[in-house]
Amino acid sequence: MTHVQKQGMAHFERQGPDPGARILLFSAAGVVLLLVLPALLVWGLDKLFPLQLNHRPVATVVTASDGTPLRAFADPSGIWRYPITPDQVSPLYLETLLTYEDRWFYHHPGVNPFAMIRACFQNLAAGTIVSGGSTLTMQVARILFSSPEDGLWTAKFRQLFQALQLEMQFSKKQILGLYLTHAPFGANIEGVWAASQTWLGRDPLDLTHAEAALLAVLPQAPGFLRPDRHSTRARQARDKVLDRMAAFKVWPADQVLAARQEPVAAFRFQAPMAAPLAARRLVREYPGSSVIHTCLDYDLQVHVASLVKSHVSSFAALQSGAVLVVDHDTLAVKAYAGSADFLNPLGAGHVDMVTALRSPGSTLKPFVYGMAMDKGLIHSHSLLLDIPRYRQAYQPDNFTGGFLGPVSVAKALDLSLNVPAVQVLEAFGPRTFHDRLTNAGAQLSMSGPPNLSMILGGVGTNLESLVTLYTALSRQGISGRPRLTKDAPGQERFLMGPGAAYIIKQLLSRPLPGAEGISRLAGRKDFAWKTGTSYGFRDAWALGVMGTHTVGVWIGRPDGTPSPGQFGAATALPLLVRVLESLPRSSDRESRPAGVTRQTICWPMGLALDQTAGSCLVRHDAWILNNWIPPTLTEPDQGPLRLTFWVDDQGRRAGPFCGGISKKAVDLWPEGAEPWLPQHLRRNQLIPEASNACPDLAPLSGNRVRIISISDNSILTRPPGKPDVPRIPLQAMGGQGELVWFLNRIPLKTQNTRGLPLPEPGSYDLAVMDGTGHYDKISFTVIPAGFSVPRL
């Protein structure tokens, strides 16, 4: 320190500080104390009485992919309250709210002392309470923490303190969000989102000036200003807010004048109900979620729901319907109509038929054909037999009641024939088929082990499972579980190879019944479709694949009772077509997989032309997989379809020691096809007669005769006292020449076309012999009426 500085310091110590500086110093200290002490006091009280923000249960809203509400659910206490942020509300509403309620919201610490002083003078001047001076933060504290036990002044001081606590712990945006979520708007409505939907019928982002003013004032007296009961009061209060907006020059006068002309609706808008069953399902899957975003297309959802309701309205009152539309590229569910009318109790509209277990009818047939192709058992035009399965454990009929004999896989699938599908499933294996379907994502339910009845609907499944399986036809054989929500994980499973999936889709892509020329004239591309009908006309199905969409349709009664006369092609298919026509156009860029070719095959062997035994009786252009052409399936008890034998110089069968000079091969049709074949294709015409020089040559006729009118080990009841005794039809399939019938080895003297009169009670053998000596025999028992057969 210099000498001059030391002298100055000594002078200051002798004279003391300047009086003016002393006043300034004490003033500054006082201001600091005035600011710091309350802050320290609030801080200390906050530590002693921490703010407990107990989050109230929120309601749930399920939205479409664009955010449009599909259905809303109240919270457990019945309050419609949905969390919302300032970004989800119209700026007009925020502008109105802050201007009318708290213009200094972003500048005060939760309490505005100037507003409170102004409110005191206004209340004293009016002689009553006309202004509360509460900030938005204080209102949030009152809404969230008020207690009915608090008196007026206790409640006010509690709000002051808790408002300061809120400002210490939350940002202004968060506090504003709490108000927007919890503010009361009359009845059981809380929060801006619920209020906007209930009183205005619109999203809070789309509010007009008048609507913003109405919502801003409702929380002041929600019951008194409730629009559906007191629309005049509500309008007067709204106009008061509009006048303030004009007075503060926030909105132009002409804009306010126009807003005042809008009426206040005197009714309550219903909660959205565009996808009630899909929403109910998601609320159960995502409990506690406030907002559930789905993949549903709102416009398509509403349209599909109206199509289902309109379509089912023409049926009986107990009918319902369901439709599921999936984008199989993304697996996103675009439309979900779980019933025809959710609010219809007669049609059990509350039952979700997308997930309900039902009999699938014939809808599983494409997959057994595709899997059998993958295994190398068949190709697209393999020869199958649509014939009665006499004396088999499972003996189904066709929907029409008749049989077509030899048919191709393509025709069997096109006509949805039952017996050929059973034949293929028997060769493939019911257990393997069942396991492949479940592995691919299908929900299956059976009372016993997998069996042949599965392919005709003898298994429980649901519409969602069927749509899952049908997505594989456009996804190279990989099925995909439909996704209802955007964050749901995709589940993809192998169902069949890409080549088999492509072939099956080609076979299912054909014009609609009776409209073979219309679709082409209209420029409509054929789409892949399949129908199904469960036993007793209980369920009608239609599945379709077009472009990037897979669609499933169910029609029936939710209680499982029959609907006579309603079947897939007549009931469900028309609705499927209407839904497909409603979908946005999308190109199907699917290309033919490697390994899929077209080749000419020959019946009866089902092989390529160069693999036949010198003749091709019937030709087909078939889809072939991996250059493998499997031969025709045969029954286990049938002989070979290709016979090789010696012939003499006249072409007659002869052994090598009795004139045979060369070998000849003949391709034969399966024995069961004989009754449906023209005469020149039957075995007795294809196999040459034996040479007279070879009397011991065994016959090669495979046209065996079979009794078809009664099954082996049948038990028949003879009714007492009736003059017209029932008769057993004498019917047989196959054989050559005249048929002779025997009862207990005794020839029947008259071959009565009316049949055999039912004999007296006892055990009997019924046999038949054709002209070549082939025969068939069955046993049956006749019991008297009223006699019960013991169960073994």
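Is Ser474 buried or exposed? Ser474 is buried, at a relative accessible area of 17%; buried means under 20%, exposed over 50%, and partly exposed in between, using a 1.4 Å probe and protein chains only.

The model is predicted, so local features need pLDDT of at least 70, side-chain atom pairs count only at pLDDT 80 or more, and totals for chains, interfaces and linings use all residues. Residues are numbered from 1 along each chain as its sequence is written, and side-chain values use heavy atoms, with hydrogens and water left out.

**Around Ser474**

Ser474 sits in the loop between helix H18 (463-470) and strand S10 (478-480). Not counting residues up to four places away in sequence, Ser474 touches His328, Lys505, Val545 and Glu590. Contact means heavy atoms within 4.5 Å.

**Overall fold**

The protein has 22 helices and 28 strands. These are DSSP runs numbered from the N terminus: helices are H or I with at least four residues, strands E with at least two. Of its 792 residues, 48% count as buried. Among contacts between residues at least 6 apart in sequence, 67% join residues at least 24 apart. The protein exposes about 38700 Å², and carbon and sulfur atoms supply 56% of that area. Areas come from the Shrake-Rupley method with a 1.4 Å probe.

**Nonpolar cores**

A nonpolar core is a set of buried Ala, Val, Leu, Ile, Met, Phe, Trp, Tyr and Cys residues joined through side-chain atoms within 4.5 Å.

| Core | Residues | Members include |
|---|---|---|
| Largest core | 77 residues | Phe367, Tyr369, Phe433, Leu437 |

In the largest core, the four residues named have the most contacts inside it. Helix H19 (residues 498-508) gives the largest share of this core, 7 residues. Leaving aside neighbours within four places in sequence, Phe433 is in contact with Leu364, Phe367, Val368, Met371, Leu425, Phe428, Met454 and Ile455.

**Second largest pocket**

This pocket has a volume of about 860 Å³. A pocket is an open set of points on a 1 Å grid where a 1.4 Å probe fits, with protein on both sides within 12 Å along at least five of seven lines; lining residues have an atom within 4 Å of a point. Of the 36 lining residues, Ser362, Asn398, Phe399, Asn418 and Thr533 are the closest to the centre. The lining divides into 13 nonpolar, 17 polar and 6 charged residues. S12 gives the most, with 5 residues.

Conventions
Points joined across faces, edges and corners; volume = space filled by probe spheres on them. Nonpolar A, V, L, I, M, F, W, Y, C, P; charged D, E, K, R; others polar.
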